[in-house]
Amino acid sequence: MSRFFATGSDSESEESSSADEITPKAPGTTFKQSLLVSDDEEDTKRVVRSAKDKRFEELTNLIKTIRNAMKIRDMAKCLEEFEQLCRAFLKSKNIVDKEGVPSFYIRLLADLEDYLNQLWEDKEGKKKMNKNNAKALSTLRQKIRKYNRDYETEIGSYKENPQESADEEEEKEHEDSGSSADSDEDAGDEGVSAKSFLKKKPEGVSEASKFLKGSGDESSTSDDDDDEDDEGWGSDTDERDSESSDDDKEKSKSLATVFLKSILRAPSPDRPSDKKDLKKKKLKKKERLELELEGEGEEEAGGGWEKVRSGIPMVKEKPKMFAKGTEINTAVVVKKLNEILQARGKKGTDRAAQIELLHALAAIAAENNLGQGILVKIKFNIIASLYDYNPNLAAFMKADMWKKCLDCIDELLDILFEHNNIFIGENIAEDSENLGISEQPFRVRGCVLTLVERMDEEFTKIMQNTDPHSQEYVDNLKDEGRVCGIVDRLLTYLENKGSTEEICRVYLRRIMHTYYKFDYKAHRRSLGLQGETKSEQDQEESEGEDSAVIMDRLCKFIYAKDRTDRIRTCAILCHIYHHALHSRWYQARDLMLMSHLQDNIQHADPPVQILYNRTMVQLGICAFRQGMIKDAHNALLDIQSSGRAKELLGQGLLMRNMQERNAEQEKIEKRRQVPFHMHINLELLECVYLVSAMLLEIPYMAAHEFDARRRMISKQFHHQLRVGERQPLLGPPESMREHVVAASKAMKMGDWRTCHSFIINDKMNSKVWDLFPEAQRVREMLVRKIQEESLRTYLFTYSSVYDSISMETLSEMFELEIPTVHSIISKMIINEELMASLDQPTQTVVMHRTEPTSLQNMALQLAEKLGSLVENNERVFDLKQGVYGGYFNRDQKGGYQQKQSYQRDQKGGYQQKQGGYQRGGYRNQNQSNY
């Protein structure tokens, strides 16, 4: 038997009384011998353990590792060990089928799932995690949820009564320890298992035992985890304790005793004393659980009980604002205020506590009647502290902080309106402030306008970070009325006491909350409609001026008084947007043309560019409603042809590579997004653009069917047509784009009724047309435009078939009045689009055979291709010779004008020469200005 196991084995302790006495040796030799383990002894002395013990020991070791990783929040380690645990449990399947799922395994699954859910809900904690831990957390959470589905009943029963499950587990452990002790006694001298070695404490205790983790008495008061560990450790029986003598304590001891944990005597259910101890433990645990449940019940009932931890209670008292007996005056309060503000922004400062201290200071100042000056100064700092509560610029204010902020600003404005002797300004120095009560008016450093502007920005951030399809968004949007009320109150205050620059700034804030809202009541009044009930009529009369009058007054003030280009630009764009939204097309168009914003808008900052794009889109939709199809198409062309309408309007980000946009740029762009309630419907926008393109493009395509140099009016419309032609099976149209493509094909054939049925139907009405304020008028306009353009397309397509055609027949075919048909045909003849003449007495259109034959068309195409070939050849020749001939002077018809050419002069520029192409090279290589 090895000396290493001599002090810790049961068999050796029995032999020590009967065998020869071991002579005490020097400590040095004892230490050396205790570490010597011969190979022969290891080979001969073995212990046979059951498969159950091996498997369960492996599981418990893995569970301990997982619990340790849970304590230090090492999610990567948790995930790795959990996967090993699952594999080990799969190996133990045969044993589990016989014995049942062990309770300690169920307990870990339940605890781990609760722990992961708790971590998942802790958003602040998740942000602080590193990348590996955060990834491991999400992976482990998915795995444990999927894994626990197979053990729902066991986990449910454990969660219903976790204490009983723990007690059953303890009893099972005691039974196992008792049986293992019997098996160890039977084994006798044959060998000592590793488990018994770990669970037994040697009889002789050396001086190293003073430094062990704790005694038996102390372990009873330790945490539950220590109790579980302690109960798993065994010790010798009383009989063996009596056999050990004092001399044995002085004998050589193994170094392993230093590292062993303190041991409690393992209770055995066979002994009556141990049975009593177990019962007492159960009773104590039940009493403790009942007390906890009673405490929770009283807390819910409002009894005021507080659950405290064991040990000395830590009473956290609020720091006293002033020492007892201190005279409260303005100087003392200002000094205390400065002390509080000095901690602002420092690491470790509790921002919530700082706000509470400022509130308490304001209450003390009001209680001691120190005047409104000091109160206003404290209010300024409270609002600033609320804004600083979130150090991250992208983070938005929580609901409770947002309500506090609105209340504080309202209280501040109340004080300012009630007391006219308070002067506030950013230019007032700290030294020149007058906060005390005196004959002089109060002078406070600060700016209310800056606070309100920041409040408005915070409101925008709240709306940007809220799910637009949730009830929470609607609840937050209700606060806009309060925000507008605060802006109106500030506007009234600054009109009396503010500078021109401040008035322009607050006017712009008011405009930004008004320009995108459709004024339904003003619209009803313009149509001559009144409220259905008397209360609605009274409400309309009691309400103030229309939004158009408000916008006009505020914008004109800014046009006249503002000295900064940005505020004036934003005001003009908002004014145009509001005009266009209310179908005042000519005012909106004239204001846009007079402002010349389209010339230099590319130099503006991105938020102003987004506002410009929104205004142009609204202008195009307004033109469409008024029947100005060409103007609508031109206004929408730039936005729609880019394919990035969503991004250009600030209504979302498109997926891009990280090379084009890094994470920091993406955060900045997200802060520029427009809140959802200000969005323009992108499907409506695209439909308006495609229908406008259809009404322009289809007649043009019919007129230039054989023209090889035919240009495209709208690339996007042509793309949709090509997509429709590529489809192998054409079914009934479903999406908005398919409806427009189907209508275009019908119009190309001159079938205006089919085109009308595709453009205006129930599906298109619900998706697009019903979204307009005057939907019926828009639909009537569309029908009229479809009839007129279908007539033009029909004449272009089939003019070669007719010698003459009656206008009355055309009027019946397209359900148009004869004067309208006459007007359309006359315009086509004047513009040389249709080679025909009108016979007035017979009301017929006489066609002139001027269309080229197919052979002539082919000859024209050949001539065109030869011309392009000559052009390319000449360009290549000129590039080789260094002379750029007539390439820069191409006329509108696509040919070259031989009258003027460009020749490089000695300075590297171009000189215009009359006549043919004159060749000249680079005379001066050093100067090559293009």
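**View 1. Strands S1 and S2 side by side.** Arg-443 in S2 is the bridge partner of Phe-423. Strand S1 (residues 422–425) pairs with S2 in the parallel sense over 4 bridges; two strands pair if DSSP finds at least two bridges between them. On strand S2 (residues 442–445), Phe-442 and Val-444 form the covered face, while Arg-443 and Arg-445 form the uncovered one. Strands (E, at least two residues) and helices (H or I, at least four) are DSSP runs, numbered from the N terminus. This is a predicted model, in which local features need pLDDT of at least 70 and side-chain atom pairs count only at pLDDT 80 or more, while totals for chains, interfaces and linings use all residues. Residues are numbered from 1 along each chain as its sequence is written, and side-chain values use heavy atoms, with hydrogens and water left out.

**View 2. Helix H5 and its neighbours.** Helix H5 (residues 75–91) has 17 residues and reaches 24 Å from its first C-alpha to its last. That is close to the 24 Å expected at 1.5 Å a residue, where the expected span is 1.5 Å times one less than the number of residues. Among its buried residues are Met-75, Leu-79, Phe-82 and Phe-89; buried means under 20% relative accessible area, exposed over 50% and partly exposed in between (1.4 Å probe, protein chains only). What covers the buried residues of H5 includes helix H4 (51–71), helix H6 (93–99), helix H7 (103–121) and helix H9 (131–147).

**View 3. An aromatic cluster that includes Phe-89.** Ring pairs link Phe-82, Phe-89, Tyr-105, Tyr-147 and Tyr-151 into a cluster. Rings of Phe, Tyr and Trp (its six-membered ring) pair if their centres lie within 6.5 Å; planes under 30 degrees apart count as stacked, over 60 as edge-to-face and the rest as tilted. By this rule the count comes to 18 aromatic pairs. The centres of Phe-89 and Tyr-151 are 6.2 Å apart and their planes stand at 80°, so this pair is edge-to-face. Phe-89 lies in helix H5 and Tyr-151 in the loop between H9 and helix H10 (152–160), so the pair ties together parts that are 62 residues apart in sequence. Phe-89 is buried at 8% relative accessibility, and Tyr-151 is buried at 12%.

**View 4. A Lys over a Trp ring.** Here the charged end of Lys-126 sits over the ring of Trp-120, 3.8 Å from its centre. A charge sits over a ring if NZ of Lys or CZ of Arg is within 6 Å of the ring centre and within 35 degrees of the ring normal.

Technical notes
Contact = heavy atoms within 4.5 Å.
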